Amino acid sequence: MRTTDLGRVCEIQHQCYSRDFHEPEAAFASKLRQSPGSCWVACDAGDLPMAYLVSLPVSPGHYPALHADDWMPPARPTTLYMHDMAVLPAWKGQGVAVQLFNAAHQYTIRSGLSDITLIAVQGSVPYWQRHGFAMVAPEDMDHAMRKKLASFGPDARFMRQVI
């Protein structure tokens with residue numbers, strides 16, 4: 001992902017997520033600036049992004065807030081957090097999401113991180129379960145994570161895949 005892709009990333013997000021999840025371009029720019037090696041786009045033949053994945057190396061207590069434009073990476077990350085992934089409807093079912101996830105998986109291994117986490121929204125839990133993620137029970141989360149999860153709405157689920 002490049003900074004020149006961010007306008008298109010916001011367009012994709014607006015087509016794929018409900019209004020509550022629309023983040024401003026400044027939030028994407030901050031995350032991309034702090035972790036350019038863990039953010040990707042999938043493009044059509046004309047180099048126009050059709051899907052994206054913003055992921056960040058984090059540790060407990062260092063997860064970015066939704067809409068935040070001031071995230072800073074921790075000194076010693078332990079986890080890759082897949083903050084946001086979206087694929088335009090016309091590109092769904094073509095394996096693009098799997099390719100983006102594979103990039104994140106390889107990044108996790110290369111970086112020596114122990115797992116990948118995400119917050120599943122909009123009924124995506126079964127999709128992520130098919131790709132090896134398991135739900136994390138609320139009692140297994142610290143207070144900060146439970147609070148963060150609540151900010152995504154009552155149907156959001158925190159999920160993890162150990163590498």
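## Packing of H1 and H2

In this predicted model, helix H1 (6–16) and helix H2 (residues 25–34) have axes that come within 10 Å and cross at roughly 120 degrees. Axes here are lines fitted to C-alpha atoms, for helices over the stretch in contact, and angles run from 0 to 180 degrees between N-to-C directions. Helices (H or I, at least four residues) and strands (E, at least two) are DSSP runs, numbered from the N terminus. H1 and H2 are therefore oblique to each other; angles under 35 degrees count as roughly parallel, over 145 as roughly antiparallel, 65 to 115 as roughly perpendicular and the rest as oblique. The crossing of H1 and H2 is right-handed, meaning that the near helix is turned clockwise from the far one by less than a right angle.

On the H1 side, the contact (heavy atoms within 4.5 Å) is made by Leu-6, Gly-7, Val-9, Cys-10 and Gln-13, and on the H2 side by Glu-25, Phe-28, Ala-29 and Leu-32. This contact has 6 nonpolar, 2 polar and 1 charged residues. Ala, Val, Leu, Ile, Met, Phe, Trp, Tyr, Cys and Pro count as nonpolar, Asp, Glu, Lys and Arg as charged, and the others, Gly among them, as polar.

## Largest pocket

The largest pocket holds about 650 Å³ of space. A pocket is an open set of points on a 1 Å grid over the protein atoms alone where a 1.4 Å probe fits, with protein on both sides within 12 Å along at least five of seven lines; lining residues have an atom within 4 Å of a point. Grid points are joined across faces, edges and corners, and the volume is the space filled by probe spheres set on the points.

The lining has 29 residues, of which Tyr-17, Met-85, Ala-86, Ser-124 and Trp-128 are the closest to the pocket centre. At least two lining residues each come from H1, strand E3 (79–87), helix H3 (96–110), strand E4 (115–120) and helix H4 (125–130). E3 gives the most, with 6 residues. By class, the lining has 19 nonpolar, 7 polar and 3 charged residues.

## Second largest pocket

About 380 Å³ lies in the second largest pocket. Its lining has 21 residues, with Pro-60, Gly-61, Tyr-63, Asp-142 and Met-145 the closest to the centre. E4, helix H5 (143–150) and strand E6 (157–162) give two or more residues each, and H5 gives the most, with 3. The lining divides into 9 nonpolar, 7 polar and 5 charged residues.

## Basis

Residues are numbered from 1 along each chain as its sequence is written, and side-chain values use heavy atoms, with hydrogens and water left out. As the model is predicted, local features need pLDDT of at least 70 and side-chain atom pairs count only at pLDDT 80 or more, while totals for chains, interfaces and linings use all residues.
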